[in-house]
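Here is a model to look through together. Keep the sequence and the 3D view open side by side.

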Amino acid sequence: MNQPARYAPAGIEGAEPPSTALSPPRASYIVDAAGVVLACTADADDAAADAVGRPLAALLPAAAVTTCADALQAVAADGEARHLTLAATAAGGAARVVEITPLRGLATGAVLVSIAPVAASDEPPLLELAEVEAHMGWFEREIGAARGRCSAAFAALLGIPWDAGRYAASDVAARVHADDGALHDAFAGGADPGALANPDGVAVTFRIEHPQRGLRHIEARYRLVERSGHRHLHGVAIDVTEREQTARELARSQARLESVMRKAHVAPFEWDLRRDELSGPPSLARIFHVDETRSSWPTAAFVDAIHPDDRASVQHVFEHPPAAGETNSLEYRVRLPGDRYATIEARYTSVADDDGAVSLVRGVVIDVSDRAALDAQRCEAEERFATLSRLVPGVLYQFRRAPDGHMAFHYTSHAVTALLGISRSAAETSFDNILSIVHRDDVRRLSSSIEHSALTLSPWREDVRIHHPDGRVHWIMGHATPLREADGSIVWNGYLADITAQKEAEQALVESAAHLNLALSYAGMIPWYWDAHSDEVKSISAVRPEYRAADGKIYMRRFMAMIHDADREQVMGTFRAKISAPDGEEIRVAYRAQLPGMESRWYEITARARIEGGRVLGFYGITADIDARRRGELEQEALRAQLLQAQKMESIGLLTGGIAHDFNNVIAAILGYSGLALRRYGSEVEPRLLGYLHEVQHAGERARDMVQQLMAFGRAQASTAQPVDVAHTIEESLRLLRPMLPSTLTLEVDVGPRLPAALADPVQLQQVLVNLCINARDATGERGHVRIEAGYRGATRGHCASCHTDFDGDYVCITVVDDGPGIDEATRDRLFEPFYSTKPQGAGAGMGLAMCHGIVHAHHGHLRVDSAAGLGARFEVLLPAVTLPAEAKPVTPATDAPARRRVLVVDDEAAVATFLGELLGLEGYAVTTMTEARLALERFSADPDAFDAVITDQTMPGLTGYELARAMLRLRPALPIILVSGYSATIDERDALAAGIKAYLPKPIDDGPLVELLGRLCA
């Protein structure tokens, strides 16, 4: 029994190396309940035979005493046999096998104990070998006991002492990691109530500090068993370090994968066709914005998130999954918060079950919104670049030289064909196609410049000539920036342009240098340089002698002396400011030069300072003659003022015409009713009342004449040339002039006898007279004499002062004479120029005499001026004379009007209509008066033959007299109609007669002509 054991698990304290010594023979003992040997078998050795009467414990190693005692008690308690294996002792001796069997018929509790050595073997027991290979070991301990039983592999697993199958609970606790102490204590103390109730056992994992192997993860799988009122732990311990490490690595890998997929907007999914569910990680839920707390979702949740326009294609996949093993992809849009959408690409494949039916679809979804946006941006950028390249007047290109030396255009814009005369494919095939069209004198230079740019990576620029298919030699300018690629290629990104015109322009510029002075002189421009230090001005163009000093040089101080007094300080101040604060800004200033004995002219200086070291050394500049342009600008300003005046006069004319219409109706009533009173009751009233009525008549006639003048002068009536009674026109003009002439001015009129008529427009003739009289008033300073004369000049010859031509013929001459200061010869030459005026600024527009010139010559007349300084002025207006036909004798109205002729009178003014009704009634007509044109038309339309004549006003609301007449004439074309108008901007006598109206009379109506006219029409 003292032979060493042949095998012990590694790592168990006290284990001895294997030995080939034979084991001692078997011995059997009968032991009572107190553990005392009662007898021994015959095969026991001599030492064993002396054991009778001694405790069995004396025959056993100390490490096995407790184990055997526990076994004896267990056998005595349940009567079941026990088998024990005792490990080898430290002092030597083989491992032993102990069998304890209860004996029947002997003293109560007697048992048979057989002890035999374990047979020597080179192989360990299979159970222990399996435990070691599986990194596990079994254990058993009563809750609360300090020691328990375990396998050698258990002790080796935890790195604790192993004593003949026994271990100390404190040794295990000492090995447990500090952070897992509470977990182990709960397990070792049986604190988990679920372990007792769970028939399948419980597992707990904790870490230990192994003396040789460091930190290890141990999983204890155990059952808590209650026996004889005591709880026992039964289980196995397994080293799961590698599993835990693998799990941690897997978790880290999964976390990294989840992070990568989250950043890449990628998520895996599985679609279970049988359950109609999709499952996947949280990243899948985030992409589709579904519940992240779940790992699977119904397919409807995903369909609802898809854009309505894409839902049908996705639904089709759900309804018709792909065949087994088939891989497909699908792109669609998914709704995001805020009514936004993300573009999703799904890549998936089908998996078949054992029956061959597709039951599962696996794949990934990728958020490709950024890619889709980039694709859209790229397409947009490419389209924009293509558009720009077509608009650029040249060729955008990318030129590449490969490591093997091959050169070609990698890209050219579409304009290359027009620029070089070769196709894009030829340019992008080989650079030799380009060299073949380059001028032979430029080939070497072009190749050298490309080589230098490739070696130094410096920007390339070159101008070369090519032979273009149009038969001409073209100059091509190219520039590019080189870049070396990873494979050693050199790529130039650049631009080509046709600079033939530029080269030709440069050549032309060189050739035209000799003609510069001539061109500048024709342009009225003089280039110069002013040396600010010496004050000398140098110019390459000819300069007027007046600017040169006695030494022949030009000095700025002399030039400044020639500038108009009003402009000199401005010019000098501009240069002084630039000298005080030098900068590169351009100077531009206009001025008038006043040369001796000459009129002033406008010039403009454009100059720039020459600055060195922050100091102005001089000025480079050009002086341009801008007199014509400046005067044109002044004329334009005057034209604008004249236009404003004309617009104002037009507005006044429109206002005057509108007022005149209303006055005409008032005056018509005054004249009409006063005339009726005189006609009907003149012989019945007393002479004084009769005088009153005549005065009313005279006042009404004067008011009528004034309104007619207002309408004529306000242009309310059309202006046409006609024989004009000059004396009457002068009289009418004086009525307009009286308010404009001061009482201090003496005005005389002298009209010759038997004055023939003049062919003119009466209104325009009045304008001429008014303008001439206003000029005479201004010339006399409102204190002097103005005389108007009119006479006949037959067979007159002369020279026109405005058109400067000779004339002869028969004229009516109207003369305006004043005793003002007179006009000198220089001023007389420009009197009739538009905008020329001798009056102070703002006192006149300079258009009065110009208008006279236009009106007189439009009537084939002429103007003469006789004046001298200090002798007053005489203006003569000569208009062609005409002989009026003999004046017809007035026709006396018939005393008997046609028997009760029926007349319809239409006028919106009730007073005028009533007056006409009574007037014509006195003349024997049956008169119907109406004040509404539309009702009158309805009345006439009902019976067109009910009236023999119609008298209608023109300006009426709803329907004008002209429109009413046209409507009536359509019903009865021969109807006599008289149109009466005080003012109309749309109709005149010519238009009325052209429309079939028989007569056109102005308001206020003169009853005599009206009655006479109506009598003729109704005859």
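What follows is a short tour of sheets, hairpins, aromatic rings and cysteines.

You're looking at a predicted model, in which local features need pLDDT of at least 70 and side-chain atom pairs count only at pLDDT 80 or more, while totals for chains, interfaces and linings use all residues. Residues are numbered from 1 along each chain as its sequence is written, and side-chain values use heavy atoms, leaving out hydrogens and water.

**The parallel sheet**

Helices (H or I, at least four residues) and strands (E, at least two) are DSSP runs, numbered from the N terminus. Two strands pair if DSSP finds at least two bridges between them. With that in hand, find the open sheet of five strands, ordered E37-E36-E38-E39-E40 with parallel pairing. Strands E37 (926-930) and E40 (999-1002) are at the edges with a single partner strand each, so one side of each has no neighbour in the sheet. From one strand to the next, the twist averages 20°. Angles here run from 0 to 180 degrees between N-to-C directions, with axes as lines fitted to C-alpha atoms, for helices over the stretch in contact.

Inside the sheet, E38 (residues 949-953) and E39 (residues 977-981) are joined in the parallel sense by four bridges. Val-950 has Ile-977 in E39 as its bridge partner.

Helix H27 (residues 910-922) lies across E36 (902-906), E37 and E38, at about 175° to E37. Helix H28 (residues 933-942) lies across E36 and E37, and runs at about 135° to E37.

Now look for E21 (residues 473-484), which runs antiparallel to E20 (residues 460-467) and is joined to E20 by eight bridges. One of the residues in this pairing is Ile-466, whose bridge partner in E21 is His-474. This hairpin has five residues between its strands, and Gly-471 takes a positive phi near 90° there.

E21 also pairs in the antiparallel sense with E22 (residues 490-498), over nine bridges. Gly-478 has Leu-496 in E22 as bridge partner. Again five residues lie between the strands, and Gly-488 in the turn has a positive phi of about 95°.

**Aromatic rings**

A pair of aromatic rings is described by the distance of the centres and the angle of the planes. Rings of Phe, Tyr and Trp (its six-membered ring) pair if their centres lie within 6.5 Å; planes under 30 degrees apart are stacked, over 60 edge-to-face, and the rest tilted.

| Pair | Centre to centre | Between planes | Type |
|---|---|---|---|
| Phe-139 and Phe-187 | 6.2 Å | 90° | edge-to-face |
| Phe-807 and Tyr-811 | 5.6 Å | 85° | edge-to-face |

Phe-139 lies in strand E6 (residues 136-142) and Phe-187 in helix H6 (residues 181-188), so their pair ties together parts 48 residues apart in sequence. Both Phe-139 and Phe-187 are buried (under 20% relative accessible area, with exposed over 50%, partly exposed in between, using a 1.4 Å probe and protein chains only). Phe-807 is buried at 6% relative accessible area, and Tyr-811 is buried at 7%.

**Cysteines**

How many disulfides are there? Counting pairs of cysteine sulfur atoms within 2.5 Å, the total is zero. Cys-150 is buried at 2% relative accessibility, and Cys-800 is buried at 0%.

Conventions
Contact means heavy atoms within 4.5 Å.
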